[in-house]
Amino acid sequence: MTAATANNVSLSWYEASARQRIDALVDAGSFSEFIGPELRETSPHLSIFDLPEQFDDGIVIGCGRVNGSSVLVAAQEGRFMGGAFGEVHGAKLTGLLRAACTLKQNVLILFDTGGVRLQEANAGELAIAEIMRAIVAARRAGISVIGLIGGRAGCYGGGSLIAGTCSRLIVSEQGRISVSGPEVIETNRGIEEFDSRDRALVWRTMGGKHRYLIGGADMFVDDEASAFRLAAIDALEFRRRWDLAVLKAEQKRLERRLQRFGDAEDAVDIWQVLGLNEPTNIPALPTDVFLRAAGNRENADDAR
Amino acid sequence: MTLDDILAGLFPNGSKIEVIGAMIAGKATMADGKPIHVLGIIQGQNLGVDEAIVLAGHVIEIIGSHDRAPILVLVDSASQRMSRRDELLGLNEYLSHLAKSLLLAEAEGHRTVGLLYGGSAAGAFIATALAAGTLVALPGAHPAVMDLPSMARVTKLPIEVLKAKAEATPVFAPGLDNMVRTGGIQIIWDETAPLAPQLAAVLERPAGRDDRDRLGAERGGRRKAVDIADRVVAMATSSSRELRHG
């Protein structure tokens, strides 16, 4: 057994590859892949740009078991094209979600993405729309779709909209969630609006701690594969059919967020309003101390 | 066509639609006398947290009314608002929430039709037009994921090279025809013909299935997506059957 297949060996989620993450997440030996690299279903578009292809197009999908229960799993590889959604990459996830609806199986999506792959932007954009639609259909059928976010590429662009469609989100501090990336904001609006090289600003505006504190994510874990696995087991036990009541509760929650924090200039101001002790110190806190300090956070209470 | 021309053409029997900043909301009467809800983001503006929450609120109200009347979403927007404030407040949740509200409306029996009559890009496009059950466009509409100059910057390719490549494939460059060929837009309306019957024709088509990947394959703009998705469903189904019997 290699280190990556043992659930009890320390593995940084941030550093791990998509395949290592799946191995560490599911019960040992239970994963079987759909449309694996041996089928060489590569992007038909990257060669137009003289870019290298990858045999799995940067996403691994399949089925496995987590703590004994059957799940469908998708993991993006942030190290290939920034984990971006292209035609094949996106269609693999769309297919998996459509299958979830038929099979009545829960889905885990391991996000690691910069968003839509620009070299196939139209196909990638449509894939995002198709995936969101498939998630909504699955959730209406009572299926949980759980997002895990803590990879190198974060969860940006269209990926962040898919995340916003999931029933529950598990994040680590490294799990940045944002529609426009720091560079995109800076390019469009200037360095006064957003200095993309200010890493501290990026982390506190888009990082996992801030998202957890405002209710943008439901569970906060260490950058450890075993911690993600435990949180996933926990999240899989929860089931709630998505309907108008949930949507109304989310409307209320998001309206309240604008009322409470709409005038804040910086994440620290929001943390101040939340009543956190020494808000400027939040980024430095280790997970256990942070979770204790986060008692007054805005909890989404599964209104998503 | 201007928004007023479009509304007059669609609803000769009259409409009561309010303009609220960058948005419109209201109700109209179709040619057959039946009611239709009208929402939209207009004047090429950005879609940020403040706009998305208002639009979603309207959709939720419509679902709550249980009238099952169709919803027309008019779109002439820019991209999502690219700002520090919007991202600080969790823009992805607001855009997803708006998309989900439109998807739920459809699932609850409201036909949802997007009408792209101007621009739209990236997150704003996904949260509005692409969340409708059927998306149609008027000539001159210009959807984009990213404009070519920005794309040139990100891909580090000269814009002339990108333009040449765009001739060869509809898959990446902005534009209405490319979005039609990849299956995202069902049909481009004829602006020289009356609009009301064209809307009626869209509403007569059966609803429900997401056939955009199939359309993309038929039109040659997205040849692989539907095949891949179908094969994944087949593999997942047979592997689940094996597990049960094995």
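The model is predicted: local features need pLDDT of at least 70, side-chain atom pairs count only at pLDDT 80 or more, and totals for chains, interfaces and linings use all residues. Residues are numbered from 1 along each chain as its sequence is written, chains are lettered from A and ligands numbered from 1 in the order in which they are written, and side-chain values use heavy atoms, without hydrogens and water.

Start with the sheet. Chain B holds an open sheet of seven strands, in the order β1-β2-β3-β4-β5-β7-β9. Its pairing is mixed. The edge strands are β1 (15-20) and β9 (187-188) of chain B, and each pairs on one side only. Helices (H or I, at least four residues) and strands (E, at least two) are DSSP runs, numbered from the N terminus. Two strands pair if DSSP finds at least two bridges between them.

Now look at β4 (residues 71-80) and β5 (residues 112-116) of chain B. They pair in the parallel sense, over five bridges. B:Val73 has B:Gly114 in β5(B) as its bridge partner.

Two helices come next. Helix α1 (residues 3-10) of chain B lies across β1, β2 (23-29), β3 (35-47), β4 and β5 of chain B. Its angle to β4(B) is about 165 degrees. Helix α4 (residues 91-107) of chain B lies across β3, β4 and β5 of chain B, at about 160 degrees to β4(B). Axes are lines fitted to C-alpha atoms, for helices over the stretch in contact (heavy atoms within 4.5 Å). Angles run from 0 to 180 degrees between N-to-C directions.

Turn to the pockets. A pocket is an open set of points on a 1 Å grid over the protein atoms alone, where a 1.4 Å probe fits, with protein on both sides within 12 Å along at least five of seven lines; lining residues have an atom within 4 Å of a point. The largest pocket holds about 1,200 Å³ of space. Of its 42 lining residues, the closest to the centre are A:Gly114, A:Leu118, A:Val184, B:Met146 and B:Val154. α5(A) gives the most to this lining, with five residues.

The second largest pocket has a volume of about 440 Å³. It is lined by 19 residues, and the closest to its centre are A:Arg133, A:Ala134, A:Ala137, B:Gly208 and B:Asp210. α3(A) supplies the largest share of this lining, six residues. A volume is the space filled by probe spheres set on the points, which are joined across faces, edges and corners.
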